[in-house]
Amino acid sequence: ASCQTDLTLVSERKPKGLSCWGCMTASGQTSSASKKTEEMRNKQSKKKAAARGVFGDTENMKEKARRALIRLQYNVQDCYHETGIIQKIAKHPMFDNVTLAMILLNACWMAFDLDLNEADMLYEADPIFQVVENLFCTYFSCELLIRFSAFKLKSSSLRDFWFVFDSVLVLLMVLETWVLTIYMMSSNPKSSSDLSKVAILRLVMVVKMLRISRMARLLRSVPELVSLIKGIKAASRPVVVFFVMWIIIVYMYAFVFRQLSPPDSMYFSSMPEAVNSLLLNGLLPDHAVLVNNAARENWVFWPLMLTFVALAVLTLMNMLVGVLVEVVGAIAVTEKEGMTVSYLSGELRRIFENRGLDAEMALTQLEFTKLVVDPDAAFVIESVGVDVVQLVDRAHNLFEDLSKAGEIGFSFECLVELILNMRGTNPAKVNDMKVIKAIMKETQRAADTGFEKLDLELMRIKDELRELRQAHTDHEIALSHPESDDDEDDDVAPDVASG
């Protein structure tokens with residue numbers, strides 16, 4: 001259901017220039033680079049499919065589904081007119097709901113008609129059968145005409161699979177209900193040969209069997225049924241491989257049993273009888289009697305019954321077992337989580353009462369720290385899988401985030417939620433990665449600030465050392481300068497005396 005909602009949202013966001021699927025090739029041309037990229041992706045997908053062998057690859061299926069959903073999604077209503085009463089009727093949800101209800105009623109009526117209507121042709125049946133068949137034929141014809149009239153470009157209707165599918169079924173229904181009835185009533189029964197009548201009856205039988213395929217529209221309208229169909233499609237390859245392996249094993253053993261058995265053997269009198277005995281009595285013993293009795297009436301029933309058993313019993317029943325196991329597992333996890341939450345909240349409320357804390361008041365950082373290091377509270381927190389040391393280390397960051405949000409502390413519900421989220425058995429989520437990223441950024445920012453302060457302090461120390469070095473140099477020069485002055489005085493004195 002969520003996928004269907006996403007598809008609807010994607011289709012609603014489409015630009016007006018690409019409103020019609022049939023006009024997409026004229027309005028937007030795919031570049032050669034994108035085509036090459038798509039070809040490379042297809043080649044990679046084929047290589048992955050060949051590498052995974054018989055069994056499906058979950059990651060590859062997710063990748064294919066993601067690429068399919070990223071593309072512009074097809075919606076037949078985008079090909080309809082934007083104004084007019086016809087397009088408004090065709091786009092209205094009630095129109096689809098009434099059509100689905102008529103399809104369901106028609107399927108039920110076909111079963112009723114098959115059991116109680118003994119006439120070969122419609123004009124020979126009782127009036128109730130004639131009236132109902134004409135009503136169904138009229139409604140489906142009008143429904144198809146409304147959908148066809150709603151198309152902006154009539155050629156776009158040929159690109160819609162479900163419209164073409166319904167058109168074929170409606171044409172067959174019109175052929176059976178109106179065309180053949182008028183032809184048989186207008187022709188002379190005496191002049192018409194028995195051979196042509198038999199051919200018409202066979203045509204009517206085929207048309208009635210094909211009309212049940214309209215139930216496929218009901219499958220399309222229920223997302224859960226679509227998921228089951230996709231599951232059967234995904235499992236078709238391994239199922240076929242296992243069936244082939246069964247047939248090979250059955251054939252080999254049938255050959256051995258036929259070779260070792262006498263000609264009048266009950267189960268292995270011939271190769272077909274040996275294969276049938278091993279396949280039904282050996283692999284499918286619960287359905288052997290039904291298949292054999294149906295095959296005695298008509299040999300066509302044998303492959304049909306085996307197909308039904310393989311699809312409805314082996315495939316769908318095993319899928320049902322898998323679904324039930326998954327549902328029971330989900331319920332067990334939910335019940336276990338509920339028991340954990342009930343135990344944690346009950347024990348914390350008891351500890352709050354013993355320490356004189358009000359569960360309705362916000363818990364400050366000091367109270368939170370004292371509560372967490374309390375032996376009883378620490379035992380309860382550890383029992384649900386939370387590291388108390390890590391919880392204490394995170395207290396500063398948690399209350400800092402609360403202060404930024406303008407709150408003074410944790411409420412009791414937030415405290416229980418916090419403890420449950422700190423369990424080590426919780427799977428990592430995107431939100432957890434965001435929290436870790438925010439903590440790392442904050443730590444990096446604090447480290448950068450500390451390094452900047454350290455750089456400034458080092459620069460100050462460096463300047464002071466430079467000044468001290470310069471003062472020391474000047475002091476040494478000052479100390480050495482008086483000796484040079486005395487030497488100059490000694491050099492000047494003899495000159496003055498000689499003069």
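**Entry 1**

I began with Arg 423, which counts as buried because its relative accessibility of 13% is under the 20% limit. I note here that the model is a predicted one, and I read every value below with that in mind. Looking for a charged partner, I found that Arg 423 forms a salt bridge with Glu 337, the closest N and O atoms being 2.9 Å apart. This pair links distant parts of the chain, since Arg 423 sits in the loop between helix H19 (412–421) and helix H20 (430–498), while Glu 337 belongs to helix H14 (residues 301–355), 86 residues apart. Glu 337 is partly exposed, with a relative accessible area of 32%, whereas Arg 423 is buried.

**Entry 2: other salt bridges**

How many salt bridges are there by the rule I used? The count comes to twelve, and I looked up two further pairs among them.

I took Glu 133 and Arg 211 next, whose side chains meet in a salt bridge at 3.3 Å, N to O. Glu 133 lies in helix H7 and Arg 211 in helix H9 (residues 194–211), so that the pair links distant parts of the chain, 78 residues apart. Glu 133 is buried, with a relative accessible area of 6%, and Arg 211 is buried as well, at 3% relative accessibility.

I then turned to Arg 217 and Asp 166, where the side chains meet in a salt bridge of 2.9 Å, N to O. Because Arg 217 lies in helix H10 (residues 216–221) and Asp 166 in helix H8 (residues 161–186), the pair ties together parts that are 51 residues apart in sequence. Both residues are buried. I also noted that Arg 217 and Asp 166 are linked with Glu 143 and Arg 147 in a network of salt bridges.

**Entry 3: the second largest pocket**

I looked up the second largest pocket, in which about 960 Å³ of space lies. Of the 28 residues that line this pocket, the closest to its centre are Arg 394, Asn 421, Met 422, Asp 432 and Val 435. Which helix gives the most to the lining of the second largest pocket? Helix H20 does, with eight residues, and helix H17 (388–393), helix H18 (395–404), H19 and H20 each supply at least two residues.

**Entry 4: Asn 117 in its loop**

I went on to Asn 117, found in the loop between helix H6 (93–116) and helix H7 (127–150). Is Asn 117 buried or exposed? Asn 117 is buried, because its relative accessible area of 15% falls under 20%. A polar atom of the Asn 117 side chain lies 3.2 Å from the backbone nitrogen of Ala 119. Leaving out residues up to four places away in sequence, I recorded that Asn 117 touches Phe 112, Ala 125 and Phe 129.

**Entry 5: Ser 383**

Ser 383 counts as partly exposed, at 41% relative accessibility. The side chain of Ser 383 reaches the backbone oxygen of Val 380 at 2.5 Å. I also looked up the separation of the C-alpha atoms of Ser 383 and Thr 340, which is 9.6 Å for residues that are 43 residues apart along the chain.

How values were computed: Residues are numbered from 1 along each chain as its sequence is written. This is a predicted model: local features need pLDDT of at least 70, side-chain atom pairs count only at pLDDT 80 or more; totals for chains, interfaces and linings use all residues. Side-chain values use heavy atoms; hydrogens and water are left out. Helices (H or I, at least four residues) and strands (E, at least two) are DSSP runs, numbered from the N terminus. Buried means under 20% relative accessible area, exposed over 50%, partly exposed in between (1.4 Å probe, protein chains only). A polar contact is a pair of N or O atoms within 3.5 Å; within protein, one must be able to donate a hydrogen and the other to accept it, and residues adjacent in sequence count only if both atoms are side-chain atoms. Contact means heavy atoms within 4.5 Å. A salt bridge is a side-chain nitrogen of Lys or Arg within 4 Å of a carboxyl oxygen of Asp or Glu. On a 1 Å grid over the protein atoms alone, a cavity is a set of points where a 1.4 Å probe fits but cannot get out, and a pocket is an open set with protein on both sides within 12 Å along at least five of seven lines; lining residues have an atom within 4 Å of a point. Grid points are joined across faces, edges and corners, and a volume is the space filled by probe spheres set on the points.
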